[in-house]
Amino acid sequence: LNYGLCTTMRPILLKGHERAITCVKYNDDGDMIFTAAKDTVPTMWLADSGERMGTYNGHLGAVWDLDPSWDSVFLITAGSDQKVICFEVETGIELVSYVHSGPVRSVFWNEAGTQFVSCSDKFSDNPPCVTI
């Protein structure tokens with residue numbers, strides 16, 4: 001194992017979320033960090049400085065997961081409000097919203113960035129569901 005990377009890492013404090021963070025992901029280039037939290041507002045940060053660059057508004061409850069597309073053009077988010085939302089990363093504009101039958105726990109783009117998969121929980125009489 002090469003421990004050199006661990007000795008050169010430095011902590012960056014990301015200030016901005018009002019409630020507990022539920023998910024943290026880098027984009028493919030490694031220059032952006034995306035965070036989701038129980039405060040309904042996914043956020044994008046610069047990886048080198050921790051500067052908050054933007055937020056993505058649209059969810060009405062906790063955001064459990066998120067995933068930027070390979071080219072960092074789109075961001076999909078999974079919410080407890082039973083929605084998957086696709087945002088434009090640069091502008092923060094909500095492009096489309098998909099309503100599920102239960103809280104959405106997970107989202108993931110395919111490698112080409114042409115489709116994504118989402119997973120929602122059982123809710124009332126509705127079974128858990130994986131949607132492509």
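Is Ser-120 buried or exposed? With a relative accessibility of 1%, Ser-120 counts as buried (buried means under 20% relative accessible area, exposed over 50%, and partly exposed in between, using a 1.4 Å probe and protein chains only). Ser-120 sits in strand β10, residues 116-120. Leaving aside residues up to four places away in sequence, Ser-120 touches His-100, Gly-102, Pro-103, Val-104, Arg-105, Pro-128 and Cys-129, where contact means heavy atoms within 4.5 Å.

A word on what you're looking at: this is a predicted model, in which local features need pLDDT of at least 70 and side-chain atom pairs count only at pLDDT 80 or more, while totals for chains, interfaces and linings use all residues. Residues are numbered from 1 along each chain as its sequence is written, and side-chain values use heavy atoms, with hydrogens and water left out.

Now the whole chain. Of the 132 residues, 39% count as buried. The C-alpha atoms fill a box of roughly 50 × 30 × 30 Å along the principal axes.

On to the rings. The whole structure holds four aromatic pairs; rings of Phe, Tyr and Trp (its six-membered ring) pair if their centres lie within 6.5 Å, and planes under 30 degrees apart count as stacked, over 60 as edge-to-face and the rest as tilted. Here are two of the pairs:

| Pair | Centre distance | Plane angle | Type |
|---|---|---|---|
| Tyr-56 and Phe-87 | 5.4 Å | 55° | tilted |
| Phe-74 and Trp-109 | 6.2 Å | 35° | tilted |

Tyr-56, in the loop between β4 (52-55) and β5 (63-68), and Phe-87, in strand β7 (residues 83-88), are 31 residues apart, so this pair links distant parts of the chain. Tyr-56 is buried at 1% relative accessible area, and Phe-87 is buried at 0%.

Phe-74 belongs to strand β6 (residues 74-79) and Trp-109 to strand β9 (residues 104-109), so their pair ties together parts 35 residues apart in sequence. Phe-74 is partly exposed at 29%, whereas Trp-109 is buried at 8%. Ring pairs also join Phe-74, Tyr-98, Trp-109 and Phe-116 into a cluster.

Technical notes: Helices (H or I, at least four residues) and strands (E, at least two) are DSSP runs, numbered from the N terminus.
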